[in-house]
Amino acid sequence: IGYIEGQIVKSYNGKILLKTNSGIGYEITYDQAIINPKQVAIFTSLIIRENSQVLFGFNDFESKEFFELLLGVKGVGPKSAYSLVSSVGVAQMINAILLDNKKIIQTAPGIGAKAAAQIILDLQSKMNKWSEKTSAMSTPSSSSTPASADLNIIKESLAACSELGFKEEPKGVLLQIDNGDTQYLTMKENKIFLKNREKLENENR
C-alpha cells in the first residue's frame, strides 16, 4: 500500500482512521497538518513486523522516500525515521546531513547524538543526489523555493549580519532561490531573514 485517498473519520494520538470510497477504513500513523478531512490523499509506507503491520502517512512522495531511506540507517527504526521526516522535514534533513549538523537532527523527538552521527555517516554520500532531486522537484510556489522577493531579503539579511559583527559559525540553513542559486545561512542569519520576510508579508496584506 503506497497511496490512499479518502475521508478522515477520526484523529487520535498521532494517528488517523481514513475511510476510502470502497468503505474500508485504514489506521495510519499521521502527524501532519490536516487541511480538509473530507478529502485527503496520503502517500503511505507499510512496515511489517512479526507482531504488527503499521501504515505511516506522508503528504508527498518525497517524504515517503526519505522515510524509507532513513530505515536503512543502523539503529533507526520506523518511529524515529517518521519523527525526523515529520518534525525536521526532508529539506532540513538533507542540509543537516550535508553540513554535518547533528544539532538540527537531534531536534527530532527520540533522536540522540549517537543516532544523529550514524545518520550522517550512513547517508552523507547520498545527499548530493538527493539535494539535486529535491531541487528539480521544487516549484515556484513550494515552501523550499522562496519567491523572487526573498532573494533581496536574503541579501539584506546577510548584510545586516555582517554589520552587526556576527562571527562565522557552522552553517544551519540552505535556501534554494528561484533563479537556481543557493544561499547558506547561519542560524542567526536565518532568524533575521525570517523576521524580514514576515515584515514584508505583513506590508503586502
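What share of the contacts in the protein chain with a separation of 6 or more comes from residues 24 or more positions apart? The points below take up this question and then turn to individual parts of the model, which is a predicted one.

1. Overall organisation. Residues 24 or more positions apart account for 50% of the contacts in the protein chain with a separation of 6 or more. The secondary structure of the chain comprises 8 helices and 7 strands. The chain has 205 residues, and 36% of them count as buried.

2. Nonpolar core. The largest nonpolar core contains 38 residues. Those with the most contacts inside this core are Phe66, Leu70, Leu84, Met93, Ile105 and Ile119. With neighbours within four places in sequence set aside, Leu70 is in contact with Val76, Ala81, Leu84, Val85, Met93, Ile119 and Leu123.

3. Helix 2 covers residues 78–88. Its buried residues are Pro78, Ala81, Tyr82, Ser83, Leu84, Val85 and Val88. Among the contacts of Leu70 listed above are Ala81, Leu84 and Val85. Just after helix 2, Gly89 adopts a positive phi of about 95 degrees.

4. Thr44 in strand 4. Thr44 belongs to strand 4, which spans residues 40–48. Is Thr44 buried or exposed? Thr44 counts as buried because its relative accessible area is 0%, and the cut-off for this class is under 20%. A polar atom of the Thr44 side chain lies 2.9 Å from the backbone oxygen of Ile1. Apart from neighbours within four places in sequence, Thr44 is in contact with Ile1, Gly2, Tyr3, Ile4, Ile28, Leu55, Phe56, Gly57, Phe58 and Lys64.

5. Second largest pocket. The space in the second largest pocket is about 380 Å³. Its lining consists of 19 residues, and Lys15, Thr29, Val54, Leu55 and Phe56 lie nearest the centre. Which elements each supply at least two residues of this lining? They are strand 3 (25–29), strand 4, strand 5 (53–58) and helix 2. By class, the lining has 10 nonpolar, 4 polar and 5 charged residues.

6. Asn36 and Gln7. Asn36 is located in the loop between strand 3 and strand 4. Its relative accessible area is 38%, so Asn36 is partly exposed. Asn36 and Gln7 are 29 residues apart along the chain, and their C-alpha atoms are separated by 8.7 Å.

7. Positive phi at Asn13. Asn13 lies in the loop between strand 1 (3–12) and strand 2 (15–19). Its phi is near 45 degrees, a positive value in a residue other than glycine. Asn13 counts as exposed because its relative accessibility is 75%, and the class requires a value over 50%.

8. Positive phi at Asp100. Where is Asp100 placed? Asp100 is in the loop between helix 3 (90–98) and helix 4 (102–105). Its phi is near 60 degrees, again a positive value in a residue other than glycine. Asp100 has a relative accessible area of 42% and is therefore partly exposed.

Notes. Residues numbered from 1 in each chain as written. Predicted model: local features only at pLDDT ≥ 70, side-chain atom pairs only at ≥ 80, totals over all residues. Heavy atoms only, no water. Helix = DSSP H or I, 4+ residues; strand = E, 2+ residues; numbered from the N terminus. Buried < 20%, exposed > 50% of the residue type's maximum accessible area, 1.4 Å probe, protein only. Polar contact = N/O pair within 3.5 Å; in protein donor to acceptor, adjacent residues only side chain to side chain. Contact = heavy atoms within 4.5 Å. Core = buried A, V, L, I, M, F, W, Y, C linked by side-chain atoms within 4.5 Å. 1 Å grid on protein atoms, 1.4 Å probe; cavity = no way out; pocket = protein on both sides within 12 Å on 5 of 7 lines; lining within 4 Å. Points joined across faces, edges and corners; volume = space filled by probe spheres on them. Nonpolar A, V, L, I, M, F, W, Y, C, P; charged D, E, K, R; others polar.
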